[in-house]
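Hello,

Here is the structure I promised to pass on. Have a look at it, and then read my notes below.

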Amino acid sequence: MKTIRIAAVAVAALLAAAGVAQAQQKEWKEVRVGTEGAYPPFNNLNAKGELEGFEIDYVNALCANMKIKCTWVAQDWDGIIPALLSGKYDIIAAGMNATDERKKKVDFTAVYTRTPISVIAAKTVTSSDVSPAALKGKSVGAQSSTVHANYLEKFYSGSSVKLYPTQEEANLDLKNGRLDYIVADQLSLEDFINGQGKDCCKFVGEVKRDPAIHGPGVGMAVRKEDTALRDMFSKAIEASLKDGTHKKIADKYFKINIMAD
């Protein structure tokens, strides 16, 4: 009987601990949001050192609707997941595709962006063929630690693949003739083509999404144990897609549907 009572007490303690943990999961009143701050028009640091862009406005709107306080933390892309896991912030909103590889380390919210992947080059390029065979021997760039880098490394072994810490550095090399092609998210490239790259560069092709590499689209990343935070933001994202909040903010930055199939 004593053994049974001890076991019962142990089970009750475990249930109580689980209940406490669950209650703690639901107490998200303040959330620290990590982003890169170097990926316009999704997220960027302006001349004043302030974060701006679609994701900044969108997450701020979600937080306002959820009545929680959200603060932003800028973090270099290469260390953005390690910084989340170490507790520097609670969630990542940085144009991050929810790939199977990343899901080994973090969980993702519902998808809030799914856009075309494009290739740009100098205006002197006349061919629209961007296949691995056509780009053999050419230098092709992408931002490191991204799905675009993974795609190039898998399919473009015959090209000289160059990876950069930021998208802006890749854009600069293309503009200055040190790179032949860039593969990246179309919307990010549009920002460059319509701005600093308008006199030098153009769109030449599009990459077909590979589910194994690109995943279902862009979501916000959280630590695996923060299921309540993940679900809270997923619910807010889904609500924003229905009530027009997402479209209203997206239309401010983009001319195409950023939730394309």
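Where does Glu36 lie? Glu36 sits in the loop between E1 and strand E2 (38-39); helices (H or I, at least four residues) and strands (E, at least two) are DSSP runs, numbered from the N terminus. Please keep in mind that this is a predicted model, where local features need pLDDT of at least 70, side-chain atom pairs count only at pLDDT 80 or more, and totals for chains, interfaces and linings use all residues. Residues are numbered from 1 along each chain as its sequence is written, and side-chain values use heavy atoms, with hydrogens and water left out.

Glu36 is buried without a salt bridge. Buried means under 20% relative accessible area (1.4 Å probe, protein chains only), and a salt bridge is a side-chain nitrogen of Lys or Arg within 4 Å of a carboxyl oxygen of Asp or Glu. The nearest side chain of opposite charge, Arg102, is 9.7 Å away.

Now to helix H2 (residues 54-66). Its buried residues include Phe54, Val59 and Leu62, and among the elements that cover the buried residues of H2 are strand E1 (30-35) and helix H8 (227-243). After H2 comes Lys67, with a positive phi near 60°.

Enjoy exploring!

Technical notes. Buried < 20%, exposed > 50% of the residue type's maximum accessible area, 1.4 Å probe, protein only. Contact = heavy atoms within 4.5 Å. Lys, Arg positive; Asp, Glu negative; His and termini not counted.
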